[in-house]
Amino acid sequence: MRTLLVAVTVALATSTAAAAQARDSAAAARADSIRLVRERQLIDSLAKVIRSLEGRVDSLVRAGGAPAAQVPQAQTARAAGAYMNIGFDLLSDAGWSTESDVSSLQRGDHDPVVRGFTIPNAEISLDGAVDPYFRGFANIVYKLGPTGQTGVELEEAYFLTTSLPGNLQVRGGQFFTEFGRQNPQHPHAWSFVDQPLVLNRMFGPDGLRSQGARLSWLVPTSWYTEAMVSVLNSTGGAAFSFRSDESAEIHGGEPVTRPVRRLEDLLIVPRLSTSVDLTATQTLLVGVSAAFGPNNSGPDARTQIYGADLYWKWKSARASAGFPFVSWQAEALFRRYDAAQRVSVTDSTVTLPAERLTDRGMYGQLLWGIKPRVVAGLRGDFVSGNTGAFASELRADRYRLSPNLTWYPTEFSKVRLQYNYDNRKGLGIDHSLWLQFEFILGAHAAHKF
Amino acid sequence: MQTIVILRMAAAALITVSGSGPTVAKKLNVVATTPDFAALAREIGGDAIDVTALAKPTEDPHFVDPKPSLLVTLNRADVLIEGGAELELGWLPPLLDNARNERIAAGSPGRVVASQGIRMLEVPTTFDRSKGDIHALGNPHFMIDPLNAKIIAANIADHFAQVDPEAAPIFKANLERFDATVDQKLAEWQRQLAPYRGSTLVTYHKDFVYFAERFNLEIVETLEPKPGIAPSPAHLVQVISTMQARKARVILVQPYQNRRTAATVARQTNAVVLDMPQQPGAIKNITTYIELMDYLVQTLATGLEAKP
């Protein structure tokens, strides 16, 4: 294009010069100079047209002309992984604790449970659009126990509706119950190596997770408010405070067989949460949750759990890779476990009286994203329970303080160092040091707030 | 603090109530993931629409917090404009999962995918994260080529017309006006940068590739060794030697990138750091796409002119 422009200019200029030479009268010279100016104007306007044409041609080319081959190529490559996102996440821990029976200290199912090395969570996650009405999710978890044996669990498998009217949404299948803030999060999304003590005490080693359905309503207010209720099976290890085979650890009695006879034998979990942006850079999210269901200390015994949670975050308006930020997360829970009169598991001649076992606890964690990819954290844990007829180790007073430091080389990997100062009433003080490494393969890790 | 929150909630509730009154004409509620798409939407929609951008103009658009307020914004949207080339992959999907809004579902008239019809650059032939945070569909920073902006504007106008056919003539007229302005301005921008044809530059991230192609500039290095990977000292040494060999005298940075690193390199190479935000609104009084491009071209021309 530009060569053409130059050629035209040169041709016009030479012809003009030749013509000027042929004449010698002043009038003719003036006429020539006028012509010269006109021709220059013509060249200028032609150049303008050429430039605009140049732009248009380019625009057409970009809009899908010549390089058509390039675009489909990318789409073909993409098609291989289409219809379903596949991801794999590995958490591996290494460390030491002054308590030799580490699993008595670190009671979470995805905590480091031995001195030395372990893999508490290796997870295959699948998700995708089922059809225009549903999305489907599944998380299959492999984990190594204290002796290195592999355990497999269908951690989550559920559908989510996408197009119900009235701002409603239904989730169905097996899923982490939406009680509080951390319970629905996967271990790799946690900001600390281990499960908060209070969640372990109320919900057991694996958190509150069961089969059922959850109905949610996004309230049509101009700020975020969501009301939801889950109806779930009340049995199994992940319904620890309810009809769990391991409930003897709480009340010390022989669990009774308790079939589901009516709706109240299911687990009902309501939750209400709301959030406001305090400023352009600060967000506050608060929620209250409860769980009501039967427990198997007796045929009519029941448990109630109440919780309140708060999350506050500041993130710089000029955040790079999400840093710097400061966040504060806290949850407080209270459990009323009405234990029925029951036969002691350790001595069948002993009958434990009907009693109300109450437990409470909270944790608060402060995170500071100092600079891109580096986060310093501090968590305080506290749990306490009243005195029952059975002295359960799981209900004793305990507090723990955990500073940690996490480095994220990218959003697909992390290295975390954490120290725990642990004080169990009657058992004394323990110190633990854990190093955690994580990597993610496959589908991009989208973050929830 | 609590009082403020309560007051805010009350004010918000009042706005909700008054907003739903029958006297208020129904405007299209348009949500764009980033402010640049929002600016284009404003050009096309004018007074017939309300526009909200989810990302702040100064923050890294790869890492936006999917906070609950954004969920509410998406729940109310009539139209969503997204980049479509994985720029928002880390935060938009979980919001959309819970937005409960069929109007902006994938494939509906209310969903505009900006990358549609764009000739993408740097489309990877293999997907390998050891090469850094690459995007499967190509480099997603395509808005700073004005000819791409024209294609996206046409795409937006088309979708607006489908969602609100009554206002279609307005959108068409606005599109024609925008196209004419871009054509005229592009000639101007090209004239301004023509003296610097073939100039060498350095950027922080691979985010000026489309700009360089449009204006015949050559990006010889990025401060990031690989996309999304923080600059390492060893890599910066290499950048400095390349800059000296290739006579690169400017380093382009965006508001959220580490300006201090850029300044260190600039000191050692006798170069200048130019603040070149790609989002309208990042700099005071620069709110439209044209104003932004004017600013970028002017800043770069000044920076390149000043070279010794």
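Hi everyone, let's start with a pair of strands: strand 3 of chain B, residues 79–82, pairs with strand 4 of chain B in the parallel sense over three bridges. Strands pair here if DSSP finds at least two bridges between them. Helices (H or I, at least four residues) and strands (E, at least two) are DSSP runs, numbered from the N terminus. Within this pair, Ile81(B) stands opposite Val112(B) of strand 4 of chain B.

A word on the source: this is a predicted model, where local features need pLDDT of at least 70, side-chain atom pairs count only at pLDDT 80 or more, and totals for chains, interfaces and linings use all residues. Residues are numbered from 1 along each chain as its sequence is written, while chains are lettered from A and ligands numbered from 1 in the order in which they are written.

Now the whole sheet. In chain B, four strands make an open sheet with the order 2-1-3-4, and the pairing is parallel. Its edge strands, each pairing on one side only, are strand 2 (49–53) and strand 4 (111–113) of chain B.

Which helix lies across strand 1, strand 2 and strand 3 of chain B? That is helix 2 of chain B, residues 35–45, running at about 175 degrees to strand 2 of chain B. Axes are lines fitted to C-alpha atoms, for helices over the stretch in contact, and angles run from 0 to 180 degrees between N-to-C directions. Contact means C-beta atoms, placed from the backbone, within 7 Å.

Finally, helix 6 (168–193) and helix 10 (289–305) of chain B pack at about 5 degrees, axes 10 Å apart. So helix 6 of chain B is roughly parallel (under 35 degrees) to helix 10 of chain B. Among the residues making this contact are Trp189(B) of helix 6 and Met293(B) of helix 10.

Note on methods
Contact = placed C-beta atoms within 7 Å. Parallel < 35°, antiparallel > 145°, perpendicular 65-115°, else oblique.
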